[in-house]
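Subject: Structure handover

Hello,

Here is the structure I promised to pass on. Please open it before reading my notes below.

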Amino acid sequence: MHHPLTLDDLPRDGEKLDLAKISKLNGILLMVGGIGAIISLIYLFGFANTKDEAGHVINRQGEFAYSWLFAFFFFFTISCGGVFWTMLQHLSNSGWSVAVRRLFENLGGSVKLMAVLALPFLLIPGVRDSLWEWIVVHHHAAEVAKAQNLAGGTQEALHNMHEVILAEKYGYLNTTFWYIRAVFYFAFLIGIIGLLRKWSIQQDSDGDFKHTFRARALCAFPLLFFALTVTFSAVDWVMSMDYTWYSTMWGVYIFAGGAWAAMAVSILALTYVRSNGYLNKIVTGEHYHLMGKLLLAFTIFWAYIAFSQFFLIWYANITEETRFFILRNTGPWWYLSNILVWGHFVVTFVVLLSASRKKKTTMMNWVCAWVLLMHLVDWYWLVIPERGPSLSKGGYLISPGAWVGDVIAFLTVGGLAGWAYLRRLARASLYPCRDPRLLESVTAIN
């Protein structure tokens, strides 16, 4: 006779991923990431710079800096999405999601690796100065201020150089504060996800309820700091590539895309571990349905923010603001803009509307792969159009041959991030096996 599911029917110590079972995929990711890292370092340190027939230096280092920023932010926003979903589940005291929460905890743990991969932006002058022209202008202004012994220092020199926007933004956009903020972003993200994951794993051993309560308490106020961290990291590293441009919706736009893609990665990871014989008693089609609902919600949310940002800038018609969209609607970038409208929103929205489709594992896997492809297009569209005009001082729209660096950077960061993620999955149970709401999650029906 069939009896209701109880905790006694579940593995008492959870299920731990055996790395030997996934050694082939893990090995491929490490090999791709490792080889890519060697090639990337050659580019990042400028050893790949060459000369054209006229003897002019081809700045491969500068071109690759944009490739690295594109690849870095694609995976960084997904990591931040993992942190967000972990915090939200604790804060909302979510019961249904306990079975899949460890996937988000491990995804959020990728911010440690992201901190290492961000070092070229901070430590290699050729990379930094190619991406952020305002830093070069600041250095020049500082030299002028020193030579002329200006009482107002760099800010006064910027005024004298007619760099009015940079002078007005000087309180926020200066190199010292820029470095301090970068350190804070990673310290905060690593600290918050580190504590949440540590307490969650401790509960696997002792089953103490206090870990649940203090995790919920920890997530309340810091969620505001999380929002500020994602917003200002995107302002500092992406928006400030064009220091004259600004948008008050920028941070929300970046957050929406990251949370969306993080949900897709977690669904794919869930399917992958289940295909290897794990979580089959813990996760059902109901979890796919619930995660699919959140994916649909963030599909709509991203579209709402993206349209609002475009609409407000178009309506205001301020020169400094419209440049962003004019560039991305010029030449081949126009096609990517349209792909985002139809692919990022319309196609995903229509497919996810059906409840039955969200319960089908195969269908959800295809949707999630599509979501990640659209997230890639989104980040390529955000970063790469700045490369040609910036490096050539308006001479050309697209850097010839630079796409090779884009592929190398993406495979490198992706290989290393995927390898590290699989290793984290294997370090503890794949689900919080002694969370007090585990049975509620396993039997969830919506």
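This is a predicted model: local features need pLDDT of at least 70, side-chain atom pairs count only at pLDDT 80 or more; totals for chains, interfaces and linings use all residues.

Residues are numbered from 1 along each chain as its sequence is written, and side-chain values use heavy atoms, with hydrogens and water left out.

Surface patch

Ile28, Val32, Trp403, Val404, Val407 and Leu411 make a nonpolar surface patch of about 500 Å². Patch residues have over 30% relative accessible area and no salt bridge; like charges are joined within 9 Å, and nonpolar side chains (Val, Leu, Ile, Met, Phe, Trp, Tyr) within 5 Å. A salt bridge here is a side-chain nitrogen of Lys or Arg within 4 Å of a carboxyl oxygen of Asp or Glu. Areas come from the Shrake-Rupley method with a 1.4 Å probe, and for residues only the protein chains shown count as cover.

Helices H1 (23-44) and H20 (403-425) each supply at least two of the patch residues. H20 gives the largest share, four residues. Helices are DSSP runs (H or I, at least four residues), numbered from the N terminus. Trp403 belongs to H20. Its relative accessibility is 55%, so Trp403 counts as exposed (buried is under 20%, exposed over 50%, partly exposed in between).

Aromatic pairs

The structure holds 52 aromatic pairs. Rings of Phe, Tyr and Trp (its six-membered ring) pair if their centres lie within 6.5 Å; planes under 30 degrees apart are stacked, over 60 edge-to-face, the rest tilted.

Tyr172 and Phe232 form a tilted pair, because their ring centres are 5.8 Å apart and their planes are at 45°. This pair links distant parts of the chain, 60 residues apart: Tyr172 is in the loop between H9 (164-168) and H10 (175-206), Phe232 in H12 (222-237). Tyr172 is partly exposed at 26%. Phe232 is partly exposed at 32%.

Phe310 and Phe325 are edge-to-face, with centres 5.1 Å apart and planes at 90°. Phe310 lies in H14 (285-316) and Phe325 in H15 (319-328), so the pair ties together parts 15 residues apart in sequence. Phe310 is partly exposed at 35%, while Phe325 is buried at 11%.

Charge over rings

The charged end of Arg181 sits over the Tyr172 ring, 3.7 Å from its centre. That charged end of Arg181 also sits over the ring of Phe177, 4.4 Å from its centre. The test is NZ of Lys or CZ of Arg within 6 Å of the ring centre and within 35 degrees of the ring normal.

Best wishes

Definitions and conventions:
Buried means under 20% relative accessible area, exposed over 50%, partly exposed in between (1.4 Å probe, protein chains only).
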